[in-house]
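Please examine the sequence and the structure shown below. The paragraphs that follow lead through some of the features to be found there.

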Amino acid sequence: MTDLQRCEIRPGRLVEWTLHPTAVGAARALPDDARPPAYVQESHIRTARSVRQDGLFVPTWLGTAFDILGVIELDVLQGALRTWMLRHETLRSGFRWAGDEMRRFTLDPDAVALHREDVGDFADAGTLTRYLQDRFDVAADALTWPNFLFTAVVRDDGASVYLAFDHSNVDAYSIHRIAGEIHELYDAGRAGRAVETAPVASYIDFCAGERTDADRIDDTHTVVSRWREFIARCDGKLPNFPVDLGLDPEGPLPEQKFLEEMLVDDTDAAAFEAYCRPYGGSLVGVLSAVALAAREISGLDVYRTVVPFHTRAKSRWADSVGWYVGGAPIEIPVEHATDFEHALRMVRAALRENRSLSRMPIARVLSLLGADFRPTSPDLYSIVSYVDSRGLPGSERWQELKAYGLIRVSYGDQVCAWVTRVHEGLQFACRLPDTDAADKNMRRCVELVRERVVTVAREALGMSTTGRMLGR
């Protein structure tokens, strides 16, 4: 994961694809789709509207970047983009307001057409980067539709593809899959063959089913009670990252900055994973390392956070593009952690006890709590997310193809961190308030996490070496 400024943008001729005006016009005349928005979609769009009403434009799009090598056939690439879009129904579905109610509409597949525009040549990478960011901010806005933009920077030896989407349509797992899927479709198009794939399940169908289940509970449900108790212990708020971030409670929403670096290489990442496996794996290890780092920086007794989990509980959703994410509240009494293994056991127990809570949308829970959670920030709470991307199609070529997941960094008072296991090692990316205190403390946190991972990895490697020697 990275941002546009760090994904190796190079000069070239920029080409853009938007939804064709005839398709946009057809969408305006569509009747309502009876399938409702997911709670996470509705919360996201209402938050964007609320922040906009407060006078601040906060871009929150996600995207992907990757190269295609060799002389580019733009007609074939356009066909690949359209075919890929048709696989995923959410990309041709949007929302409109009826009073204060959000209603869905969905364009028929036959009505989907892309419009291509040759924007022109960019000789300077910085100018091109600024142009792309400005275009994505407008074209992938939560409060407009269509809310995506496809682009390619074409050069003699290939092209760099940049795609941006409003977050309501994609999550990190979705954007990690895109490079492999587009490459497969493009290669097939150039060879004149069709790609044989099973139908991809629709995120819109998932939204309808999840919402039906969520609407069955009331404020007496166990999940609601547990969230109520958790929020009460967070002083009535959803938790931010528990270090000094230099925030002014009375000030405006601060600008953010971005940190990104490799924590460790593949050897250390593999050894760390092996060490943590008996306790649940690298997710447990990363959360334990972060919790202990926060304790050292802030002296806190209990580390409280909301852990994101995917909600693709059935295999039919595995290949589907959408926002399949829920959150589970966990509390780790780090003051009692005597060592890393003790922390691992506490984190594992907390995740086992609370992971099931992530299946209930947080927005539904908050509505049942009855408290005023009118959002003033695009992020409701801080996260530390862990994703192992090595099993995704084409991930072994990401470095060669300069493939990245893209995060928009704009405004916000929360810390959002993504730890990703890639073939080269363990990568850390973080969006944080642009203050001296936040920068100092989060950099310190990263160093403490790295030290912990390296120490554990070297211990695991030593144990492995000793075991092999004894075996001989």
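How many salt bridges does the count come to? In this predicted model, the count comes to 37 salt bridges. Side chains of opposite charge can pair when their charged atoms come close. A few of these pairs are described here.

Lys257, at 22% relative accessibility, counts as partly exposed.

Arg444 forms a salt bridge with Glu296, and their closest N and O atoms are 3.2 Å apart. Here too distant parts of the chain are linked: Arg444 lies in helix 12 and Glu296 in helix 9 (residues 282-298), 148 residues apart. Arg444 counts as partly exposed because its relative accessibility is 37%.

A further salt bridge is formed by the side chains of Arg390 and Asp388, at 2.7 Å from N to O. Arg390 is partly exposed at 26% relative accessibility, and Asp388 is partly exposed at 35%. Salt bridges may also be joined into a network, as they are for Glu42, Arg46, Arg49, Asp100 and Arg211.

Arg87 is found in helix 3 (residues 74-87). With a relative accessibility of 17%, Arg87 counts as buried. The side chain of Arg87 makes a polar contact of 3.3 Å with the side chain of Glu181. Leaving aside residues up to four places away in sequence, Arg87 touches Glu181, Glu184, Leu185, Val195, Thr197 and Val200.

In what order do the six strands of the open sheet lie? The order is 5-1-6-7-2-12, and the pairing is antiparallel. Strand 5 (114-122) and strand 12 (404-407) are the edge strands, each of which pairs on one side only. On average, neighbouring strands of this sheet are turned by 20° against each other, direction ignored. Strand 2 (residues 62-69) and strand 12 run antiparallel and are joined by four bridges. Gly63 has Leu406, in strand 12, as its bridge partner. Helix 5 (residues 172-191) lies across strand 2, strand 7 (158-165) and strand 12, and runs at about 35° to strand 2.

The helices remain to be considered. Two packed helices are described by the angle between their axes and the distance between the axes. Helix 7 (residues 222-233) and helix 11 (residues 362-369) pack at an angle of about 80°, and their axes are 10 Å apart. Helix 7 is therefore roughly perpendicular to helix 11. Helix 7 contributes Val223, Val224, Trp227, Arg228 and Ile231 to the contact, while helix 11 contributes Ile362, Val365, Leu366, Leu368 and Leu369.

The N-terminal end of helix 8 is capped by Asp265, which has a side-chain oxygen 3.2 Å from the backbone nitrogen of Thr267.

How values were computed. Residues are numbered from 1 along each chain as its sequence is written. This is a predicted model: local features need pLDDT of at least 70, side-chain atom pairs count only at pLDDT 80 or more; totals for chains, interfaces and linings use all residues. Side-chain values use heavy atoms; hydrogens and water are left out. A salt bridge is a side-chain nitrogen of Lys or Arg within 4 Å of a carboxyl oxygen of Asp or Glu. Buried means under 20% relative accessible area, exposed over 50%, partly exposed in between (1.4 Å probe, protein chains only). Helices (H or I, at least four residues) and strands (E, at least two) are DSSP runs, numbered from the N terminus. A polar contact is a pair of N or O atoms within 3.5 Å; within protein, one must be able to donate a hydrogen and the other to accept it, and residues adjacent in sequence count only if both atoms are side-chain atoms. Two strands pair if DSSP finds at least two bridges between them. Axes are lines fitted to C-alpha atoms, for helices over the stretch in contact, and angles run from 0 to 180 degrees between N-to-C directions. Contact means heavy atoms within 4.5 Å. Angles under 35 degrees count as roughly parallel, over 145 as roughly antiparallel, 65 to 115 as roughly perpendicular and the rest as oblique.
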